[in-house]
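Welcome! Here is a short tour for anyone meeting this protein for the first time. Take a look at the sequence and the structure, and then we will walk through a few spots together.

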Amino acid sequence: MSPAVANNGSPVTRREELPSLLPSAIYSELQCNRLNHTPPLPSILRNSFKVVDGPPTSAAANPNEIANLFPNLYGQPSVMLIPGHSEVKGRSLKIGVVLSGGQAPGGHNVIAGIFDYLQDRAKGSILYGFKGGPAGIMRCKYVKLTAELIYPYRNQGGFHMLCSGRDKIETPEQFKQAEETVKKLDLDGLVIIGGDDSNTNACFLAENFRSKNMKTQVIGCPKTIDGDLKCKEVPISFGFDTACKIYSEMIGNVMTDAHSTGKYYHFIRLMGRAASHITLECALQTHPNIVIIGEEVAAKKLTMKNVTKYIADIICKRQELGFNFGVILLPEGLIDFIPEVKQLIAELNEILALDVVDEAGMWKRKLRSQSQELFEFLPQAIQEQLLLERDPHGNVQVAKIETEKMLIQMVEAELDQRKQNGAYKGQFQGQPHFFGYEGRSGFPTNFDANYCYALGYATGVLLHSGKTGLISSVGNLIAPVDEWTVGGTALTSLMDVERRQGKFKPVIKKAIVDLEGAPFMKLVSLRDDWALKNRYISPGPIQFVGPFANDINYTLMLELTNY
């Protein structure tokens, strides 16, 4: 479908010409259509409300340590919006917003929601956008956001309105730079849109500003396609719904291809370093033959050989039924879930944090004997990938570890051995795939578009109410948007202490797959059938209109239905 273009070269919708400040790139008809979609707001945000405090909060774990680290924030209540006479004054505000970490569909709608709240309920307010992530705060690189600047990004994917970054504000000098920036702009509030690490940083900023009696409040927004930033009050992070539906379309296409050729096993690695939520959700949407859930591997203390044997067993059974093809899903962070590999990585992290890896290999002597034996057992390519430079948080860059290729090699070797013993008569051909960046910047689904807009609007409420150290939260998400609930959750209540780069640091506790939860139990009830029968489902592309356009993901539906 060709794009609609106005006389001046800018695209148009069928209803009206877009504002003159539309980006120079031509917009498709779908982009134009989505620009003019107005996400609905929950009833509580459309009417008069008041913000009420809940009971004092604790921490996810290690409360004494968290209380010592955040003496000015620890214990503060979470809040909820309830119908009633508004106690929020109509004063104007100066707010800064930053996109932090990897992209997730819907981020632009969070910014639009903040802006619209300020326009609706805090006339005369100013919204600044920091460019390039947290580095923009430290370097005071910003742009004043206006209706014309924001419009071209409404309901669009990506983070290119401001761009993002993975810098952290953690040293005394960096905190000083942040203080200077918020003072220069006279900010009443700062919004950090990010995942668990970014919101941990938001908590540190809120603590720092409050300890110095600065007026700048800090509010976080839950962003990550991985789905590992959630709790009862924050039931899902934005972007998860969209990313899973994008990946599931791609998986469905691969399944159709596998069935058509009848000769390939497709090993598909999906995003999710610390949790297997994406893999689990995509499995529920598409019904692959084999699904590896990292949390189950860890709980059962499976080794690489155990995982290899499990896959090979199913391939052999399928061959006996005449099927020499299949689809296998595994999480990006699988290698980090296998206890023996996790121990190896922990030791490597300690070594790399303090020493240099010498070419002679003398550094290996610092590994325990079992870890050294495992390291030598792994393919050379995987060894090299395990030694790559760590990310800014001290983690192995698992996206660069090609676990799917490693498993293909190991399964192939296992099947060759079985063939020699007469236990396998098929022809195994593995095809590796990694679905990652493809899901991070797509058009947000109706759910993510609406959810993000509500999160942004709620953030405006929290700042206008004088709150700090909270993460914006919207609940009751299986109900119509009109019935969604709105509040703010104390960031310290999500905190734990974790060892990183050789030191203990406070972090927001990641939400991993619950092996007793409804989504995983649903998978368990179906996977034996999927293994031997081709129950493939091809969901197709994301829909914005029609009977399925507002369907939410299985994970959220099952979790909220079974709460």
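Which residue in β11 is the bridge partner of I268? It is H433. Keep in mind as you explore that this is a predicted model.

**The sheet**
- Four strands make up an open sheet with parallel pairing, and their order is β9-β10-β8-β11.
- At the edges sit β9 (290-291) and β11 (430-435), each of which pairs on one side only.
- Six bridges join β11 to strand β8 (residues 265-270), and this pairing is parallel.

**A helix across the sheet**
- Lying across β8, β10 (326-331) and β11 you will find helix α9 (residues 240-261).
- Helix α9 runs at about 170° to β8.

**Helix α20 and its neighbours**
- Helix α20 covers residues 554-561, and T555, L556, L558 and L560 are buried there.
- The buried residues of α20 pack against several helices: α9, α10 (277-286), α18 (446-464) and α19.

**A look at R527**
- Helix α19, spanning residues 518-532, is where R527 is found.
- R527 counts as buried because its relative accessibility is 16%, and buried means under 20%.
- Through its side chain, R527 makes a polar contact with the side chain of E296, at 2.9 Å.
- Leaving aside residues up to four places away in sequence, R527 touches N289, E296, K300 and F520.

Terms used. Residues numbered from 1 in each chain as written. Predicted model: local features only at pLDDT ≥ 70, side-chain atom pairs only at ≥ 80, totals over all residues. Heavy atoms only, no water. Helix = DSSP H or I, 4+ residues; strand = E, 2+ residues; numbered from the N terminus. Buried < 20%, exposed > 50% of the residue type's maximum accessible area, 1.4 Å probe, protein only. Polar contact = N/O pair within 3.5 Å; in protein donor to acceptor, adjacent residues only side chain to side chain. Contact = heavy atoms within 4.5 Å. Pairing = 2+ DSSP bridges. Axes fitted to C-alpha atoms, helices over the stretch in contact; angles between N-to-C directions.
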